[in-house]
Amino acid sequence: MKNLFFAACAALLFIACDKAKIDVKTSTGTDSIASEEWKPVDSATANKAWMEFATPGDMQKMLAKSDGVWSGENTMWMEDGGKPMTSTSTTTNKMIFGGRYQSSEHKGNFMGMPFEGMSITGYDNAKKKFVSTWIDNMGTGLMTMEGDWDASKKSIEFKGKMTDPTRPGKDCNMREVYTFVDDTHQTLKMYGPDSKTGKEYKTMEIKYTKIKSKPFQVKRFFCTFMILRKRFE
């Protein structure tokens with residue numbers, strides 16, 4: 001059944017991309033796909049590629065180690081060289097879709113106002129890159145990023161773009177460095193453009209400490225304990 005599913009996905013992708021090729025060639029020719037000849041893929045190769053693309057591996061397992069509840073000590077700078085502002089936050093991580101992505105919910109405060117954010121992080125097996133999206137209650141846009149794993153530093157450097165509301169219709173470049181210090185400590189450093197100069201500076205740093213393991217593990221332990229207790233009563 002699984003092979004049939006991936007074969008169907010491959011077939012749909014082939015049809016969609018072939019249609020895209022036809023549409024592009026009848027357009028202005030500015031699309032990147034128009035500059036190269038489409039190479040057909042046989043069903044066996046396509047099925048194998050989809051299986052590898054959809055199967056969680058070591059990078060997804062590494063993300064799963066961050067599941068649980070984390071406290072955050074936040075430091076923010078509104079401009080380069082500006083006065084730092086501090087606050088606290090709580091982040092809850094949970095792997096979803098069979099261990100393929102990690103959903104994170106963030107809660108805290110920003111300048112005395114309640115703050116909520118949500119991110120989805122995964123590892124794209126085909127691109128060999130980490131991918132991430134971010135939304136929060138302080139805006140109406142979506143930030144998207146891609147990152148590379150540095151084993152020597154135990155960190156992921158994400159690069160991407162987000163809406164710049166001070167320049168309507170424009171995006172600004174963003175960069176994040178996420179470091180896995182150990183099993184219970186992580187750090188996030190975010191960089192963006194200074195509003196006056198446009199030069200990159202560190203806008204935020206968060207020091208995470210794990211305060212709770214996966215909720216379902218605690219529940220499972222409790223259930224097991226109650227079953228054993230009943231047997232020995």
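**Entry 1: R175**

I looked up R175 and found it buried, because its relative accessibility is 19% and the cut-off for buried is under 20%. The model is a predicted one. R175 sits in strand 8, residues 171–182. Which side chains does the side chain of R175 contact? One is E157, through a polar contact of 2.9 Å. Another is E200, through a polar contact of 2.8 Å.

**Entry 2: the R175 pairings**

I then checked for salt bridges. E200 and R175 form one through their side chains, 2.8 Å from N to O. This pair joins distant parts of the chain, with E200 in strand 10 (residues 200–212) and R175 in strand 8, 25 residues apart. E200 is partly exposed, at 47% relative accessible area. I also noted that E157, R175 and E200 are linked in a salt-bridge network. Side chains of opposite charge can pair when their charged atoms come close.

**Entry 3: other salt bridges**

How many salt bridges does the structure hold? I find eight. Among them is R167 with D164, at 3.0 Å from N to O. R167 is partly exposed, with 41% relative accessible area. D164 counts as buried, at 14%.

K48 and E52 make another salt bridge, and their closest N and O atoms are 2.5 Å apart. Both lie in helix 2, four residues apart, so about one helical turn separates them. K48 is exposed at 52% relative accessible area. E52 is partly exposed at 46%.

**Entry 4: helix 2**

I stayed with helix 2. It covers residues 43–54, which is 12 residues. From first C-alpha to last it reaches 16 Å, close to the 16 Å expected at 1.5 Å a residue. Which residues of helix 2 are buried? I list A46, N47 and A54. Viewed down the axis of helix 2, the buried residues fall within an arc of 100 degrees, so they line one face. The face turned away from the buried side carries exposed A44 and K48. At the start of helix 2, I found a side-chain oxygen of D42 within 3.2 Å of the backbone nitrogen of A44.

**Entry 5: a methionine patch**

Last, I looked at the surface. M78, M111, M113 and M138 form a nonpolar patch there. Together they have about 420 Å² of accessible area. Where is M138 found? It is in the loop between strand 5 (129–136) and strand 6 (143–150). M138 counts as partly exposed, at 38% relative accessibility.

Methods
Residues are numbered from 1 along each chain as its sequence is written. This is a predicted model: local features need pLDDT of at least 70, side-chain atom pairs count only at pLDDT 80 or more; totals for chains, interfaces and linings use all residues. Side-chain values use heavy atoms; hydrogens and water are left out. Helices (H or I, at least four residues) and strands (E, at least two) are DSSP runs, numbered from the N terminus. The expected span of a helix is 1.5 Å times one less than its number of residues. Buried means under 20% relative accessible area, exposed over 50%, partly exposed in between (1.4 Å probe, protein chains only). The arc is that of the directions from the helix axis to the C-beta atoms. A polar contact is a pair of N or O atoms within 3.5 Å; within protein, one must be able to donate a hydrogen and the other to accept it, and residues adjacent in sequence count only if both atoms are side-chain atoms. Patches are made of residues with over 30% relative accessible area and no salt bridge: like charges are joined within 9 Å, nonpolar side chains (Val, Leu, Ile, Met, Phe, Trp, Tyr) within 5 Å. Accessible areas come from the Shrake-Rupley method with a 1.4 Å probe; for residues, only the protein chains shown count as cover. A salt bridge is a side-chain nitrogen of Lys or Arg within 4 Å of a carboxyl oxygen of Asp or Glu.
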